[in-house]
Amino acid sequence: MNIPFLGNRHGRTGDAPHAADPDLLAECELLRAQAAEEGVALDDSPASLEALDQLLPRWRDDEETLTWLGTDAGLYLGTVLIRTVPGAEWEIRADGEPVVRLASGREFEVVTSGQDWAASGAPELSQLYAEVAEA
């Protein structure tokens, strides 16, 4: 998925991946607003992922919100990973997809995972975090 606000730093498809601004990717405005309405504080911790997993999925009735919230959920998962897993960092692939690259070199497509979570609730964000954090 190409996230428009990230753009393509080099302007051409096929260019090398590049680093991303972690603060920009951590904004997740819609997800943070939805969570706050439900009394869930998103403090960029693994425990906050567990709290998100417990929210009632009211967003599933609105396709536009579902897509946006899923993207935010993936970016938030990535934010928690880079802030808590040593060596994890954001990278924007040449196709515009933000991924989390672990110290081992493994890439994790967090946006796809967030969209799956928003659409079906599975796998849970906390479960994804645990699997990636132990890798």
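Predicted model: local features only at pLDDT ≥ 70, side-chain atom pairs only at ≥ 80, totals over all residues.
Biologist: Which strand does E2 join, and by how many bridges?

Modeller: Strands (E, at least two residues) and helices (H or I, at least four) are DSSP runs, numbered from the N terminus; two strands pair if DSSP finds at least two bridges between them. Here E2 (residues 89-92) and E3 (residues 98-101) are antiparallel and joined by 4 bridges. Trp90 has Val100 of E3 as its bridge partner. In this hairpin 5 residues lie between the strands, and Gly96 takes a positive phi near 90 degrees.

Biologist: How many bridges pair E3 with E4?

Modeller: E3 pairs with E4 (residues 107-108) over 2 bridges, in the antiparallel sense. Val100 has Phe108 of E4 as its bridge partner. The hairpin of E3 and E4 has 5 residues between its strands, and Gly105 takes a positive phi near 100 degrees.

Biologist: How many salt bridges are counted?

Modeller: A salt bridge is a side-chain nitrogen of Lys or Arg within 4 Å of a carboxyl oxygen of Asp or Glu. The count comes to 9 salt bridges by this rule. One of them joins the side chains of Asp23 and Arg83 at 3.5 Å, N to O. Asp23 lies in helix H1 (residues 22-25) and Arg83 in helix H4, so the pair ties together parts that are 60 residues apart in sequence.

Biologist: Which residues form a salt-bridge pair involving Arg93, and is Arg93 buried or exposed?

Modeller: Arg93 meets Glu109 in a salt bridge of 2.8 Å, N to O. Buried means under 20% relative accessible area, exposed over 50%, and partly exposed in between (1.4 Å probe, protein chains only). Arg93, at 19%, counts as buried, whereas Glu109 is partly exposed at 34%.

Biologist: Where does Glu63 lie, and is Glu63 buried or exposed?

Modeller: Glu63 lies in helix H4 (residues 63-84) and, at 57% relative accessibility, counts as exposed.

Notes. Residues numbered from 1 in each chain as written. Heavy atoms only, no water.
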